[in-house]
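Have a look at the chain below and turn it around a few times.

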Amino acid sequence: MGRRAYLLMAFLALILVVVIFVLPSDSSEKEPAALPPFGGDFSLKSHLGDTVTLSSVQGSFALVFFGFTHCPEVCPLGLKKMSDVLDLLPQTSSSRLAPIFITVDPLRDTPSVLASYLSSFSPKIVGLTGTEAEIADVVKRYAIYAEKVALHDSAHPESGHAESGHGNGDYTVNHTTHFILLDPRGNFVKLYADDLTAQDITRDLALVMGGG
Ligand SMILES: [Cu+2]
């Protein structure tokens, strides 16, 4: 090996040492990147027409589910599950849990549409809607995925000859399916994924909410 090659190797080895040992200890001194704040208060219209803020349900844990009334499957199942949880929870816990359904489709989900939809589920569930801007803000702060997708005629061939639903402006909304649990101060506690049963969630809520 020539002298130049040897020097090159030594130089590369030195760089390797710097990269492995010096840089990590250097970067570990840096502040961790600040995450955007999760959640927070909101002011929306309930299905009964009154204004509801998260702080107005303060003193309660909140179980929050985002969806929309035209949802074919996910939302009916989610709201049925939420209703089951409210039935299964001991009274001491259920009285301290505010079940909230926030629409991701404020154009169609007016308070009265929400009211009639929610009449099929637990009467404890509070439906919330707002302006498009208000909902977009809450959706963003709660890290919810909600995307409007146009429905075309080809998507439902069975309605091809029917007088209804020609797909004019008809749309669905793809959205996240989990429940979000907030503590009495509005802080994020955890997510419940949609593969958990009402029994799973009830058991966990009873533990998290404790006896107090
Ligand atoms: Cu849905």
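Which residues of helix 6 are buried? They are I201, T202, L205 and M209. Keep in mind that this is a predicted model.

**Helix 6**

Let's stay with this helix for a moment. Seen down the axis of helix 6, the buried residues fall within an arc of 100°, so they line one face of the helix. Turn to the other side of helix 6 and you'll find Q199 and L207, which are exposed. What sits over the buried residues? The cover includes strand 3, helix 2, helix 3 (91–94), strand 4 and strand 9.

Here's a quick check on the length of helix 6, which runs over residues 198–209. After helix 6 comes G210, with a positive phi near 65°.

**The whole chain**

Now zoom out. The protein chain has six helices and nine strands. It has 212 residues, and 25% of them count as buried. If you take the contacts with a separation of 6 or more, 70% of them are between residues 24 or more positions apart.

In what order do the strands of the open sheet run? Seven strands make it up, in the order 2-1-5-4-3-8-9, and the pairing is mixed. At the edges are strand 2 (51–53) and strand 9, each of which pairs on one side only. From one strand to the next, the twist averages 35°. As background, strands of a sheet pair through backbone hydrogen bonds, either parallel or antiparallel.

Here are some of the pairs, each with a bridge you can look up in the model:

| Strand pair | Sense | Bridges | Example of bridge partners |
|---|---|---|---|
| Strand 1 (43–46) and strand 2 | antiparallel | three | S43 and T53 |
| Strand 3 (61–67) and strand 8 | antiparallel | four | L63 and L181 |
| Strand 8 and strand 9 (188–192) | antiparallel | four | I180 and L191 |

Are the two faces of strand 8 covered or open? Both are covered: F179 and L181 are buried on one side, and I180 and L182 are buried on the other. Strand 8 also forms a hairpin with strand 9, with five residues between them. In that turn, G186 has a positive phi of about 85°.

Another helix comes in here too. Helix 4 (residues 111–118) lies across strand 1, strand 4 (97–103) and strand 5 (126–129), and runs at about 155° to strand 5.

**A loop to finish with**

Where is H70? Look in the loop between strand 3 and helix 2 (74–88). H70 has 17 other C-beta atoms within 10 Å; a residue needs 20 or more to be buried and 12 or fewer to be exposed, so H70 is partly exposed.

Which residues does H70 touch, leaving aside its neighbours within four places in sequence? They are D105, R108 and T172. Take T172 as one of these contacts. T172 and H70 are 102 residues apart in sequence, yet 7.3 Å apart in space, C-alpha to C-alpha.

How values were computed. Residues numbered from 1 in each chain as written. Predicted model: local features only at pLDDT ≥ 70, side-chain atom pairs only at ≥ 80, totals over all residues. Pairing = 2+ DSSP bridges. Axes fitted to C-alpha atoms, helices over the stretch in contact; angles between N-to-C directions. Contact = placed C-beta atoms within 7 Å. Expected span 1.5 Å × (residues − 1). Arc of directions from axis to C-beta.
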